Structures are given as structure tokens and as C-alpha cells.
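Subject: The two-chain model, with notes

Hi there,

Here is the structure I promised to pass on. Please have a look at it first, and then read on for my notes.

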Amino acid sequence: MGRPRAFDEAEVVASAAALFASRAYDGISVDDLVTHLGVHRNSLYQTFGSKRGLYLRALRRHLDHEVRPALQSDPNQAPLDFLLLAAVERAPADAEVATEITRILAEFDEALSPATTAALLGHRLRARATPTP
Amino acid sequence: MAQINIDGDNLIVEIEGWDKLWALKSRLEIPLANVRGATADPGIVRGPRGIRTAGSHFPGVLTAGAFRIDGEKVFWDVHDPTKAIVIQLADERYTRLIIEVADPRETVDRVERAIVDGGRA
């Protein structure tokens, strides 16, 4: 059982966060994860239990390492892509994701104000739909 | 094809029909505490299965029974790859169950939800 893992877990979780921030959860297969993360299927299951297990780890890491530090320094520049996608797509179906999103949005409200947070999220959503020249 | 149910604190996996013969065991009962997760994974059948230790394997038709790969024991029961799900276990005879279910998405959601709820109880 205690077989050594020949990969950097933190690095894999960070890469998974980037992947989950870019595409819909259902649009990412285990094949995609194996290919993008360079980790064997068996190791993925052994380490994270399931695709959802990896998703949760990735979301929590992203919030702790990317979003919260930005909230402290410059809330307007905080990365929101993963957060927006998770809020729209996974939070309604997954209570643990909903808890994470609710918590981080409350932190935004505190760092900015509820109105500013709402405006920021709205702007970022529109920016996603606007082609960059 | 397998039927998956949650009964109290247990996950019940029942292998239906003729697969019972091939897979040797028709019913597995696993405490939810030992279930680490469930994932729909149609691509897994293209990977290596390992060495068959019991059951049957007709390449391209049916994989059913116990296999050993990388020191892990894996239970397979899959005809239709598109309906394969992977259930990862801890402290059980099998490290992983790779089984076919009627509705992979619904089954995976149900199992994952049961684990979360079990963890809170």
C-alpha cells in the first residue's frame, strides 16, 4: 500500500487547477487528466480517490495559493476563472464546492464590498465572453 | 453489469446475470468509510489490466474477475467501456473496483455524495 509516488503531488494539483479552470468539469475525462498531468491512472486513483477528489484538492489549493494572497494584496487582480466556473457549474451539484465558493465570496465581500464583488464578478464574466483583440 | 446501492453505512455492489459466473463473486459489501471515491472512466479499458488471478478475460468482449497490477488487486466487470466506473477503496481486499453500471454519471454522484454525507455523520 505504501508504494512511493514518483510524482510531485503539489505540482500535479496545481496543474489540475489550471486545467479545471479552463474547461467544464464534465468535459475533462480521466484520459485528459492522465495526459495533461503526466501521472499514471492508478496513481491518480491511489492518491486522490476520484476525479472529484482531485477537483476538490485543486480548487482548495487554487483558493489558498492564488486567490487568497491576491485578496490580501490586490483584490481587483484576483484570478477568478476557476472560481466562476466552479460557482456556475459544480457548486449547485456539489455541497463541498458550494461551501468553498460561499466562503471565498464572503472573503471578497469583506475585502471589497458586496457591491464591488458583484461588479468584479460581472466584469470578469463579460471579459470571458469578449474576444481579446 | 453491476447494481450499486447504499445501505446505511455500506456500499453494496451486486453483479447481475451471467457475470456472476465469470466474476466469481456476485455481491460485495464495503463500508462507506473504506470507499475513497467513484469516477466515470470509459478510457480505463484501453489500459493494462494486469495479471488475471481469478475469473475470465475475453479480450474485446468481457473482462470480469480479479486482476493484479502493480501489487494492487483490482476487481473488473466490464462489457461496455462507455459505462465503466472506477471505485477506489482503502483497507479492502480489492484496491479498486472497475465495473459497468447502467448510468455512470448518476451512480458516481450518488456514491460521492454518500461518502461526503458519511464523513459528516
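How many residues of chain A are in contact with chain B? There are 14 of them, and they touch 17 residues of chain B; two residues are in contact if their C-beta atoms, placed from the backbone, lie within 7 Å.

Some housekeeping before the rest. This is a predicted model, in which local features need pLDDT of at least 70 and side-chain atom pairs count only at pLDDT 80 or more, while totals for chains, interfaces and linings use all residues. Residues are numbered from 1 along each chain as its sequence is written, and chains are lettered from A and ligands numbered from 1 in the order in which they are written.

**Chain A**

On the side of chain A that touches chain B, the elements giving two or more residues are helix H2 (30–37), helix H3 (41–48), helix H4 (51–73) and helix H6 (95–111) of chain A. Helices (H or I, at least four residues) and strands (E, at least two) are DSSP runs, numbered from the N terminus. By class, that side has 3 nonpolar, 5 polar and 6 charged residues. Here Ala, Val, Leu, Ile, Met, Phe, Trp, Tyr, Cys and Pro count as nonpolar, Asp, Glu, Lys and Arg as charged, and the others, Gly among them, as polar.

Within chain A, the axes of helix H1 (residues 9–22) and helix H5 (residues 81–90) come within 8 Å and cross at roughly 60°. Axes are lines fitted to C-alpha atoms, for helices over the stretch in contact, and angles run from 0 to 180 degrees between N-to-C directions. Ala17(A), Phe20(A) and Ala21(A) in H1(A) meet Asp81(A), Phe82(A) and Leu85(A) in H5(A). The residues of this contact divide into 5 nonpolar, no polar and 1 charged.

**Chain B**

Chain B has 2 helices and 9 strands, running β-β-α-β-β-β-β-β-β-β-α from the N terminus on. Of its 121 residues, 37% are buried; a residue is buried if 20 or more other C-beta atoms, placed from the backbone, lie within 10 Å of its own.

One open sheet in chain B has 3 antiparallel strands in the order S1-S2-S3 (two strands pair if DSSP finds at least two bridges between them). Its edge strands are S1 (2–7) and S3 (27–31), each pairing on one side only. S1(B) is joined to S2 (residues 10–15) of chain B by 6 bridges, and Gln3(B) stands opposite Glu14(B) in S2(B).

Elsewhere, strand S4 (residues 35–40) of chain B pairs with strand S8 (residues 84–89) in the antiparallel sense over 5 bridges. Ala40(B) has Ile85(B) as its bridge partner, and Ala38(B) stands opposite Ile87(B). In S4(B), 6 of 6 residues are buried, and S8(B) likewise has 6 of its 6 buried. Side chains in a regular strand alternate between the two faces of the sheet. In S8(B), Ala84(B), Val86(B) and Gln88(B) point one way and Ile85(B), Ile87(B) and Leu89(B) the other.

S8(B) also pairs with strand S9 (residues 96–100) of chain B, antiparallel and over 5 bridges, with Arg96(B) as the partner of Gln88(B). The hairpin of S8(B) and S9(B) has 6 residues between the strands, and Asp91(B) takes a positive phi near 55° there.

Best wishes

Note on methods
Buried ≥ 20, exposed ≤ 12 C-beta atoms within 10 Å, placed from the backbone.
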